[in-house]
Amino acid sequence: MSEKTAQINAGSEFPGRVAFLDGRGDLPMIEVSTRWSNAEIYLHGAHVTHFKRKDESPLLFLSQCSRFAEDNPIRGGVPVIFPWFGPREGLGQHGFARVKSWELKEFASAPDGSVSVRFRLPESPDAAAFPPFAADYVVTVSQSLALHLIITNLSKDRDFVFENCLHTYFAVGDVTAISISGLQGMNYLDKVTSFLEKTETSDAIRIASEVDRIYLNTTGTVEIKDPRLGRRIRIDKEGSASTVVWNPWVAKSQQMSDFGNEEYEQMVCVESGNVASNSLTLAPGASSSLKVILSSETLK
Ligand code: BG6
């Protein structure tokens with residue numbers, strides 16, 4: 001894709017800018033600039049790899065070792081996990097949406113200068129086992145980053161059962177110094193101890209070893225307090241009943257070929273979706289909406 005730039009200020013008081021570029025691995029990439037922020041989105045996976053407010057350091061972690069290649073997931077940013085989460089026998093981990101090249105449907109700007117980009121997952125043989133469906137994803141860049149995944153069951157007679165998850169990798173100053181709040185009292189499946197079900201006792205979760213937890217029936221806002229970067233990240237969501245918290249720590253980092261050995265210190269995944277016992281069932285013709293708004297503020 002040769003570079004093309006569009007000013008999309010039609011009807012808007014503040015101009016937004018969208019540039020179409022060859023990204024890493026020659027994968028097509030969209031660069032969005034607004035008066036508050038910049039973002040980068042790959043068509044591969046409809047994957048947001050970068051979001052940065054002008055007055056802050058990047059919000060999203062992206063591994064230095066990530067692959068940027070067809071059929072491979074990008075390590076960092078916001079992988080779109082659909083139609084299943086985790087391993088599935090005979091199939092890859094975390095569904096196929098994150099390794100497909102999504103179609104760019106449109107981009108638009110609002111009068112305040114925010115810019116939205118809409119993608120659609122193309123039909124593929126991987127979807128043959130499921131009823132026909134449409135998957136649309138709208139990324140809105142402003143002073144926050146809003147992510148909206150809409151799934152519609154196009155079948156006339158079959159229910160569509162699936163999982164979804166916006167597998168967000170946040171950049172943090174030092175993972176051992178952060179605390180995560182908003183999950184106290186919630187039950188979670190602890191993948192580090194063979195899916196043992198536990199209850200969260202803390203409203204300031206600290207990370208000091210491998211963490212891989214699926215918090216169930218969690219619909220509220222989650223916050224990450226990061227004293228090293230001096231900011232608080234806020235994760236607001238609608239249409240999400242699960243929150244996954246993941247940090248691979250030392251041994252797992254060493255096993256992942258697309259992740260640096262020490263990079264676990266600078267990231268944490270707090271993922272919003274509907275997984276495990278929170279998986280979704282859509283009746284014929286029905287739609288589901290998963291909306292996540294990521295924002296941040298300076299710590300006082
Ligand atoms: C998390 C899972 O969501 O994703 C972890 O809970 C998994 O178990 C992690 O290791 C990364 O998965 P992947 O397929 O991107 O290496």
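1. Pro83 is placed in the loop between strand 6 and strand 7, where strands are DSSP runs (E, at least two residues) numbered from the N terminus. The bond between Phe82 and Pro83 is a cis peptide bond, with omega about 0°. This is a predicted model, in which local features need pLDDT of at least 70 and side-chain atom pairs count only at pLDDT 80 or more, while totals for chains, interfaces and linings use all residues. Residues are numbered from 1 along each chain as its sequence is written, and side-chain values use heavy atoms, with hydrogens and water left out.

2. Ser101 also belongs to the loop between strand 6 (80-81) and strand 7 (103-109). Ser101 counts as partly exposed because its relative accessibility is 44%; buried means under 20% relative accessible area, exposed over 50%, and partly exposed in between (1.4 Å probe, protein chains only). The C-alpha atom of Ser101 is 9.5 Å from that of His47, although 54 residues separate the two along the chain.

3. Ala46, in the loop between strand 4 (37-42) and strand 5 (47-53), has a positive phi of about 45° without being a glycine. With 0% relative accessibility, Ala46 counts as buried. Ala276, in the loop between strand 21 (267-274) and strand 22 (280-282), has a positive phi near 55°. Ala276 counts as partly exposed, at 31% relative accessibility.

4. Arg213 is part of strand 17 (residues 211-215). Its relative accessibility is 15%, so Arg213 counts as buried. The side chains of Arg213 and Tyr215 make a polar contact at 3.1 Å (a pair of N or O atoms within 3.5 Å; within protein, one must be able to donate a hydrogen and the other to accept it, and residues adjacent in sequence count only if both atoms are side-chain atoms).

5. The residues around the ligand include Phe85, His94, His167, Trp246 and Glu271, each with a heavy atom within 4 Å of it. By class, this shell holds three nonpolar, three polar and six charged residues.

6. A polar side-chain atom of Asp212 is 2.5 Å from a ligand oxygen, an N or O atom in the side chain of Arg75 is 3.0 Å from one, and for Lys252 the distance is 3.2 Å. The protein covers 89% of the 400 Å² of accessible area that the ligand has on its own (Shrake-Rupley method, 1.4 Å probe).

Conventions. Ala, Val, Leu, Ile, Met, Phe, Trp, Tyr, Cys and Pro count as nonpolar, Asp, Glu, Lys and Arg as charged, and the others, Gly among them, as polar. Helices (H or I, at least four residues) and strands (E, at least two) are DSSP runs, numbered from the N terminus.
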